[in-house]
Amino acid sequence: MCHSDASRPPAAPGAVAAASDSPLALQSADGTRVLAHEARPTTPSGIGILVLPDVRGLHDYYRQLAVRFAETGAESVAIDWFGRTAHDDDRSEDFAFRPHVDQTTPEGIAADAAAGVAQLRARGASRIFTVGFCFGGGYSWRQSADTEGLAGCVGFYGRPSLVTDAVDRMRAPLLMLIAGADANLPLADTEALATAAGGQVPVEMVVFDGAPHSFFDRSFAEHEADCARAWDEILRFTA
């Protein structure tokens, strides 16, 4: 997994307290209940952010991250992956996520993402972006192909293998935020994906030299500058 129960997402510069946040249950097109968490801004900007979590699904880091995005003025919804296979909502570190990850499909994830996008539109967001991490980072980039009407797709330390078969269908621009010292994801693989996707849509790849996988965490004081830079890149890309 990327982030532990002790991880905390860093706040964006100029953050303003969110108006509210609460658990949410959405319904996918196939009738699946989608575990979600919604956060609403005090002063909406018209931007919507769909948060796509790591392999453990909707645990506390991503609920808090939805709030961090609402603090920037965005309507925000974070969703889970496992409504088709998990029988409860526990995504703590005790959750055995791997058997559930192995049963996910691109089609199921796209259907669940569409439910989140619909909720953001219902809240008044007119420009919607996906932002994902690791497993969710790859699937965030993939939504450029699998989810219509997105303004852009942002991925932190995403997995290129989740995306390569969808590149020729991409429609939304990509922002790729890459940990330069990621031992799990070779930089060459991500560069190859950026080159391939760049033939279809605008692609920006930002490499954080020396940063490890999961660096976007305020508990890692040594990566404070990288966290601030990542926020700057996201806010610029979504502005």
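## Charge and surface

The chain of this predicted model carries 19 positive and 32 negative side chains, with the centres of the two sets lying 5 Å apart; Lys and Arg count as positive and Asp and Glu as negative, while His and the chain ends are not counted, and the place of a charge is taken as NZ of Lys, CZ of Arg, CG of Asp or CD of Glu.

Residues are numbered from 1 along each chain as its sequence is written, and side-chain values use heavy atoms, with hydrogens and water left out. Because this is a predicted model, local features need pLDDT of at least 70 and side-chain atom pairs count only at pLDDT 80 or more, whereas totals for chains, interfaces and linings use all residues.

## Overall fold

Six helices and eight strands make up the elements of the chain, where helices (H or I, at least four residues) and strands (E, at least two) are DSSP runs numbered from the N terminus; their order from that end is β-β-β-α-β-α-α-β-α-β-β-α-β-α. The C-alpha trace spans about 40 × 40 × 35 Å along its principal axes.

Among contacts (heavy atoms within 4.5 Å) between residues at least 6 apart in sequence, 70% join residues at least 24 apart.

## Nonpolar cores

The largest nonpolar core has 41 residues, and those with the most contacts inside it are Leu26, Leu50, Ile79, Phe135, Met170 and Leu174; such a core is a set of buried Ala, Val, Leu, Ile, Met, Phe, Trp, Tyr and Cys residues joined through side-chain atoms within 4.5 Å. Elements that each supply at least two residues of this core include β1 (20-27), β2 (33-40), β3 (47-52), α4 (135-146) and β7 (174-179), while α3 gives the most, with five residues. A second, separate core of 38 residues includes Tyr61, Tyr62, Val154 and Phe208.

Leaving aside neighbours within four places in sequence, Leu174 is in contact with several residues, among them Trp141, Cys153, Val201 and Phe237.

## Helix α1

Helix α1 (residues 60-70) is mostly covered, with nine of its eleven residues buried, including Tyr61, Tyr62, Leu65 and Phe69. The cover over these buried residues includes β1, β2, β3, β4, β5 (127-133) and α6.

## Loop residues

Most residues other than glycine have a negative phi. Tyr157, in the loop between β6 (152-156) and β7, has a positive phi of about 40° and is buried, with a relative accessible area of 1%. Ser214, in the loop between β8 (203-208) and α6 (224-238), has a positive phi near 70° and is buried at 5%.

Ala86 lies in the loop between β4 (75-79) and α2 (98-101) and is buried, with a relative accessible area of 14%. Not counting residues up to four places away in sequence, Ala86 touches Arg91, Phe95 and His100.

Methods
Buried < 20%, exposed > 50% of the residue type's maximum accessible area, 1.4 Å probe, protein only.
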